Amino acid sequence: VADALDAMTTQRVYRDAMTLDAALAEIERGAGTDFCSACVEAVELAVHEGLIAVTAPIARGVAA
């Protein structure tokens with residue numbers, strides 16, 4: 001679940017990053033089928049308690 005949350009909220013070359021709320025909603029929809037319900041609850045609790053946060057992407061420069 002944590003890996004899925006990270007993947008959804010990370011900017012990719014082929015798609016934009018999801019907001020934390022959108023990613024959590026997607027994970028909640030998969031609770032009990034795609035994801036272990038207890039793990040979903042644990043990640044949601046960690047997010048709501050500030051233990052997991054989404055930060056701005058790191059700017060990567062191109063070497064000259």
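## Helix H1 and what covers it

In this predicted model, the buried residues of H1 are covered by elements that include H2 and H3. The residues of H1 concerned are Ala 4, Leu 5, Met 8 and Thr 9, each of which is buried. Viewed along the axis of H1, these buried residues fall within an arc of 120°, so they line one face of the helix. The spacing follows from helical geometry: an α-helix has 3.6 residues a turn, so residues three or four places apart point the same way.

Among the contacts between residues at least 6 apart in sequence, 30% join residues that are at least 24 apart.

## The nonpolar core

The largest nonpolar core is made up of 10 residues, namely Ala 4, Leu 5, Met 8, Ala 23, Leu 24, Ile 27, Phe 35, Val 40, Val 43 and Val 47. The elements that give two or more residues to this core are H1, H2 and H3. As a general background, nonpolar side chains in soluble globular proteins tend to be buried together.

Phe 35 is one of the residues of this core, and, when its neighbours within four places in sequence are left aside, Phe 35 is in contact with Val 1, Ala 4, Ile 27, Gly 30 and Val 40. Ala 4, Ile 27 and Val 40 are themselves listed among the core residues.

## Charged side chains

A search of the whole structure finds 1 salt bridge, in which the side chains of Arg 29 and Glu 26 meet at 2.6 Å, N to O. Because Arg 29 and Glu 26 are 3 residues apart in helix H2, they are separated by about one helical turn. Arg 29 counts as exposed, at 58% relative accessibility, whereas Glu 26, at 34%, counts as partly exposed.

Glu 44, which lies in helix H3, is buried and yet has no salt bridge. The nearest side chain of opposite charge is that of Arg 29, 10 Å away, and a salt bridge would require a side-chain nitrogen within 4 Å of a carboxyl oxygen. Apart from its neighbours within four places in sequence, Glu 44 is in contact with Leu 24 and Glu 28.

## The cysteines

The count of disulfides comes to 0. The sulfur of Cys 36 is 3.6 Å from the closest cysteine sulfur, which is in Cys 39, and this is too far for a bond, since the cut-off applied to a pair of cysteine sulfur atoms is 2.5 Å. Cys 39 is accordingly in no disulfide, the nearest cysteine sulfur being that of Cys 36. Cys 36 is partly exposed, with a relative accessible area of 42%, and Cys 39, at 38% relative accessibility, also counts as partly exposed.

Ala 17 is found in the loop between H1 and H2 and counts as partly exposed, at 32% relative accessibility.

Ala 53 has its place in the segment after H3, where Ala 53 is exposed, with a relative accessible area of 63%. Ala 53 and Asp 6 stand 47 residues apart in sequence, while their C-alpha atoms are 9.8 Å apart in space.

Notes:
Residues numbered from 1 in each chain as written. Predicted model: local features only at pLDDT ≥ 70, side-chain atom pairs only at ≥ 80, totals over all residues. Heavy atoms only, no water. Helix = DSSP H or I, 4+ residues; strand = E, 2+ residues; numbered from the N terminus. Buried < 20%, exposed > 50% of the residue type's maximum accessible area, 1.4 Å probe, protein only. Lys, Arg positive; Asp, Glu negative; His and termini not counted. Contact = heavy atoms within 4.5 Å. Core = buried A, V, L, I, M, F, W, Y, C linked by side-chain atoms within 4.5 Å. Arc of directions from axis to C-beta.
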